[in-house]
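Colleague: I would like to learn how to read a structure. Could we go through some features one by one?

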Amino acid sequence: MKTVVVVGAGPAGIRAVEQLVRSGLRPIWIDEAPDGGGRVTQRPPAGFTRDAAALYGADAGRAKRLHATLDAMKPRTDWRPDTLVWNIRPETRTLQTLTGGSEQGEVSYDALILCTGAVDRVVPFPGWTMPGVTTLGGAQVALKSQGVGIGVSPVLIGSGPLLILTALQYIKAGAKPALVLDTTHFLQKFWETSGLLWNTPTFLRGVMMDFRLRLSGVQYVEDATPIAIEGDSAVTAVRWRDTGWKEHVTPCDAVALGWGLKPESQLADLAGVPFDYDTKQQNWVPRRDSAGRTAVPGLFLAGDGAGIGGAEVAELAGARAALALLADNHLPSDAALTVHLDTRLRTEARFRAALDRAFPYPAKLAAKMADEVSVCRCEVISAGELRAAAAADAPEMNRAKAFSRVGMGRCQGRLCGPPAAEVLADALGVKVDQVGRLRGQPPVKPIPVQ
Amino acid sequence: MTVTRLVDQDRPALSFTVDGLEIVGKQGDTLLTAMLAGGLTYVRTSEFGDGGRAGFCWMGACQDCWVLVEGSGIRRACTTLAKPGMKVIRR
């Protein structure tokens, strides 16, 4: 084995590198951020003083252990921070990189583990492009890594653990949300309780968080529907409908929205890994075996970029992918750990399946968005224009993109991909997996042209 | 947009300019934080006439917070740390 490369230094990347180093390798380790650490366990820049307990709450122990490994591994690898991998050429096993926003480079690999993470999954609705509106993840990053709130009286909209967690973090920081709007019915979550016992500690933490929010005095509504974000050049209110179809207007100074996560899997796509639609997760995910092996020679996937599992699973999957890489190349690897990780990953998959059922993506809300809503915020393409493309014979997403420019902008469909697919599928009267997904294009993020 | 400093703000001040206007931020601020907490209501203008934008994802994915930094070109405000004396231009 000559060169092993790990892309990403979040929970999956850190645990992958740890196993490679244990086996005596010195991998090239690339991360887009200057310090690594990923998103859930992102560290603030130098100068901030909050300790791990203040930053990560119940995850403090796990975050501290991850950071300790991250810092211990950096000098034992060829650590390349502030480096974007913007293309992959699987036939020559080459990565094209951009360091510091300007320095182009190429990295060859014999084996590669991609740990590229995830981004919030959103539903566009009127007003969502206005200043003051962020993703739930964005609202969290603002608080965690910058100590700022997106507002002092925000409305938080979405579903899932991140919604509740963000609300509690904002309450603690002194920016009490004006409203927490959960699109999921309480009973939907309640029915999945038994499945959530596959990870009892995490489930109980979730229940405790839910109670804390209900006792906080913050208005928390379930089975509700966001209608519009109001304001001219700044957010002033959110208009929404309760479960009894009654309309309300809640004044606020910011809005965060998010319905779970979607894999950042563009590099796997460019490498030629086939994708499957995961109906539970409602995401397109790159095909891999339970250890992270793909059909592309030398390529392994781990963490949320290989299908959403969360930070805890990402750690397990990162280590597991590295052990698979080592075993496949007849290098020393921890056989006992491999067995342990396989067991844990199987259990966690059951937990995740229940979580996905408990907090579904509101596909119908996306599919039925009003014609005038900008489904694509980069190119400002309305849902109506996308529906017109459907009527003009665009049976799948890439044709619809060519017709309408949906997904052709600077984010390359990261945000509009899932909701646009719902709109197109609904317009064509087919299931969402039948309209496919936006194909990845290099560069996976914009780079300067020389 | 009322990005507000809430916690962990005991850091040295630094100043830079945006469109020639002085903005006072703090060491460790990203450009996005410093600009929005410093009183600006947007960081870029949509090319399609639908108004100002002030980022969205805060994590380098949506590309909706691009600014021009003199000497280093187009940068994402959410992943670029503010430095004293920087000259930023909104587009």
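Colleague: In what sense do strand E19 and strand E20 of chain A pair, and over how many bridges?

Modeller: Keep in mind that this is a predicted model. Strands of a sheet pair through backbone hydrogen bonds, either parallel or antiparallel. Here strand E19 (residues 275-278) and strand E20 (residues 283-286) of chain A pair in the antiparallel sense, over 4 bridges. Within this pair, Asp276(A) stands opposite Val285(A) in E20(A).

Colleague: Which residue takes a positive phi in the hairpin of E19(A) and E20(A)?

Modeller: Gln282(A) does, with a phi near 55°. The hairpin has 4 residues between the strands.

Colleague: Which strands form the open sheet of chain B, and in what order?

Modeller: The order is E3-E2-E8-E6-E7 (chain B), 5 strands with mixed pairing. The edge strands, strand E3 (21-26) and strand E7 (73-76) of chain B, each pair on one side only. Direction ignored, neighbouring strands of this sheet are turned by 40° against each other on average.

Colleague: Do strand E2 and strand E8 of chain B run parallel or antiparallel?

Modeller: Strand E2 (residues 13-18) and strand E8 (residues 87-89) of chain B run parallel, joined by 2 bridges. Thr17(B) has Lys87(B) in E8(B) as its bridge partner.

Colleague: Now the contact between the chains. How many residues does each chain give to the contact?

Modeller: The size of an interface is often given as the accessible area lost when the parts come together. A residue count is what we have here: 46 residues from chain A and 40 residues from chain B. On the side of chain A that touches chain B, H4(A) gives the largest share, 6 residues. The residues of that side divide into 22 nonpolar, 15 polar and 9 charged.

Colleague: Which strand of chain B is joined to E10(A) by bridges?

Modeller: Strand E1 (residues 4-5) of chain B is joined to E10(A) by 2 bridges, and the two run antiparallel. Val148(A) stands opposite Arg5(B) in E1(B).

Colleague: Is Ile150(A) buried or exposed, and why?

Modeller: Count the neighbours: a residue is buried if 20 or more other C-beta atoms lie within 10 Å of its own. Ile150(A) counts as buried because it has 32 C-beta neighbours inside 10 Å. Ile150(A) lies in the loop between E10 and strand E11 (154-159) of chain A.

Colleague: Which residues is Ile150(A) in contact with, leaving aside its neighbours within four places in sequence?

Modeller: Among them are Thr134(A), Ala139(A) and Ala254(A), and also Val3(B) from chain B.

How values were computed. Residues numbered from 1 in each chain as written. Chains lettered and ligands numbered in written order. Predicted model: local features only at pLDDT ≥ 70, side-chain atom pairs only at ≥ 80, totals over all residues. Contact = placed C-beta atoms within 7 Å. Nonpolar A, V, L, I, M, F, W, Y, C, P; charged D, E, K, R; others polar. Pairing = 2+ DSSP bridges. Axes fitted to C-alpha atoms, helices over the stretch in contact; angles between N-to-C directions. Buried ≥ 20, exposed ≤ 12 C-beta atoms within 10 Å, placed from the backbone.
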